[in-house]
Amino acid sequence: MIDLKNVSLSFGDHPVLHNISLSLSERRIAVIGANGSGKSSFARLLNGLALPTSGTVSVDGFDTKKQGKDVRGRVGFVFQNPDNQIVFPVVEEDLAFGMKNLGLDKATIATRTTEILERYDMQHLREHPAHLLSGGQKQLLAISGVLVMAPAYVVLDEPTTLLDLRNKRRIARVLNALDQTIIHVTHDLDQIADYDRVIVIDEGRVACDATPAKAIPFYQELMA
Amino acid sequence: MTIKDIVYIALFVALTAALGLMPPIAFAGGALPPITAQSLGVMLAGSVLGAKRGGYALLLFVALVAMGFPLLSGGRGGFGVLLGTSGGFILAWPICAAVIGHLVHKNANANIWVTGGMIAFGGILVMYTLGIPWMAVVGKLGLDKSLAIMVAYIPGDLVKVVLATVIARGLRRAYPNI
Amino acid sequence: MLDLYTPGTSMLHRMSPGPKMAALAIAATALFLQESLLVTALAVVAILALYRVANIPMKTALAQIRPLMWIFVIFFAVQWYFSGLTLAAYVVLRLAALILLASLVTLTTRASDMIDSMTRALRLFKPIGVNPDKVSLAISLALRFIPVLGRIATEVREAQKTRGLERSIIAVAMPLAIRAIKMADDVSDAIESRGYRS
Ligand SMILES: Nc1ncnc2c1ncn2[C@@H]1O[C@H](COP(=O)(O)OP(=O)(O)O)[C@@H](O)[C@H]1O
Ligand SMILES: [Mg+2]
């Protein structure tokens, strides 16, 4: 479970999130809101990329401020632009990066690499230069690079915003098939209709926190 | 050295290499080798990243060139280039970046002319001081002829100083805590 | 793109990068210290023979020196004018020999093998505070960033074209620089979130 207690976040004297308290335990959680409302800042708090100005964020009891390493092992993070998430020039090397950071041995790294490439039908791309993949393949590689680290939670910040419709749907299917708890920041409302919980963020506050049936109409009203 | 420092160093290595891919500017009717944009990378690395990270960026760049990566303009690379006539200039790059970084960051509030002057000092004066004697010896040209050849490059280098000054100041305003 | 490596199975291909680099350094230094035109010319012939050994076509060998043709021409002209034909030939041949030799190493060695040996060699410098893992991370990132920068430059130029600004260097360079820094910030977040400890 990810717990936020009285969390506020400011950049200098510019407040971005105001006193948020939440417990995230459902398996499929969506976060929606206008541009600049604070969704990315909220997501970044969950794996310690951003640290709260006041209040605490904890993941399975580990404080993001004090136990960053334990948090990072539990919470994977997928960014909007896979170009900035793929660290290494070759697909296989990039998949290995996170696993090496976890201290896994060569054999395990090779096995997990093969597994994930087979799962997403990318075996033939193992030694392919990452920057030559298509947009959809790149995002799938970015997600794979997180999944091979076997996190319990996956936070995704608008992972489909840059993709075409077919690839949006493909990524949505991939996400729905995951065993992990996912916290998915998105503008694609049709993808989250059967989620367990939807959090609407407005000007740095939780404006609505409910089922999709309630939260999505609320959000549409808010944006109207 | 934080993760961010490593990534910035890599970025300026890449930037210096990418500048080598820009079409060179031919001049003097093609009687002299073309001017390339690459030393702009040196000036930017120093003025944006400061002495330590800027110097490391160019040190890594030169090491990659020495290992044979074709990162110099015209796709040149390898140990031989460093031993060649322009080798002194290239080997001077890490020092130039460090000098520029030291000066520019120590005087962060200097006006645009002073910043430009400091970039010119490291990017032209220091570079020529180290590069020209090398060229004179390796090319068996003697100091006077080497100096005469290099005069042709000063206008281009001054343009790069202006660009580096404007970009470095712009970046510092956009990202105060690079 | 950055890898000039030409696949092959010759003795030179199979040699490991460390000794190859060392041999290059020694040969280049020796070439520098001697001053005879005859020896230099023989060296060029010997190096071209090594290209044969490595099964690399002469066309590829020539391609290594073609980008430097202008420099050769100027040096040759200046030297000839001031110091005579012999010295001019010596200077230019020596340059050509150095470049051909260094290129031979590059052509017969994979970039990744070169990075690996460099990372290994860097372990020697650990006592003075060099961290080989960080250096190899920086190298990998730098090689990845080069094509990305090219792409950002194209995008910015196209965007400025619609405003008629594509020829203004600052109007292209400034947004390019800002986007490049933004990308670097995002990449460091990604590295951090994937558990890299600095
Ligand atoms: N590193 C930063 N420094 C200063 N302000 C920031 C920074 N990151 C985000 N902000 C500000 O925080 C607010 C929320 O941004 P963000 O969380 O990215 O929103 P969203 O993802 O919903 O678009 C915006 O006003 C943005 O300008
Ligand atoms: Mg966002």
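How many residues does the contact take from chain A and from chain C? The contact (heavy atoms within 4.5 Å) takes 23 from chain A and 18 from chain C. This is a predicted model, with local features needing pLDDT of at least 70, side-chain atom pairs counting only at pLDDT 80 or more, and totals for chains, interfaces and linings using all residues. Residues are numbered from 1 along each chain as written, chains are lettered from A and ligands numbered from 1 in the order written, and side-chain values use heavy atoms, without hydrogens and water.

**View 1. Chain A against chain C.** Together the two chains bury about 2000 Å² (accessible area lost on being put together, 1.4 Å probe, summed over both). Carbon and sulfur atoms carry 56% of that area. On the chain A side, R72(A), N84(A) and V87(A) lose the most area to chain C, together 29% of what that side buries.

**View 2. The largest pocket.** About 1700 Å³ of space lies here. A pocket is an open set of points on a 1 Å grid over the protein atoms alone, where a 1.4 Å probe fits, with protein on both sides within 12 Å along at least five of seven lines; lining residues have an atom within 4 Å of a point. Of the 45 lining residues, F88(A), P89(A), E93(A), S112(C) and S140(C) lie nearest the centre.

**View 3. Helix α8(C) in the pocket lining.** α8(C) gives the most to this lining, with eight residues.

View 4. C208(A) is buried (under 20% relative accessible area) at 13%, and C96(B) is buried at 0%.

Note on methods:
Buried < 20%, exposed > 50% of the residue type's maximum accessible area, 1.4 Å probe, protein only. Points joined across faces, edges and corners; volume = space filled by probe spheres on them. Helix = DSSP H or I, 4+ residues; strand = E, 2+ residues; numbered from the N terminus.
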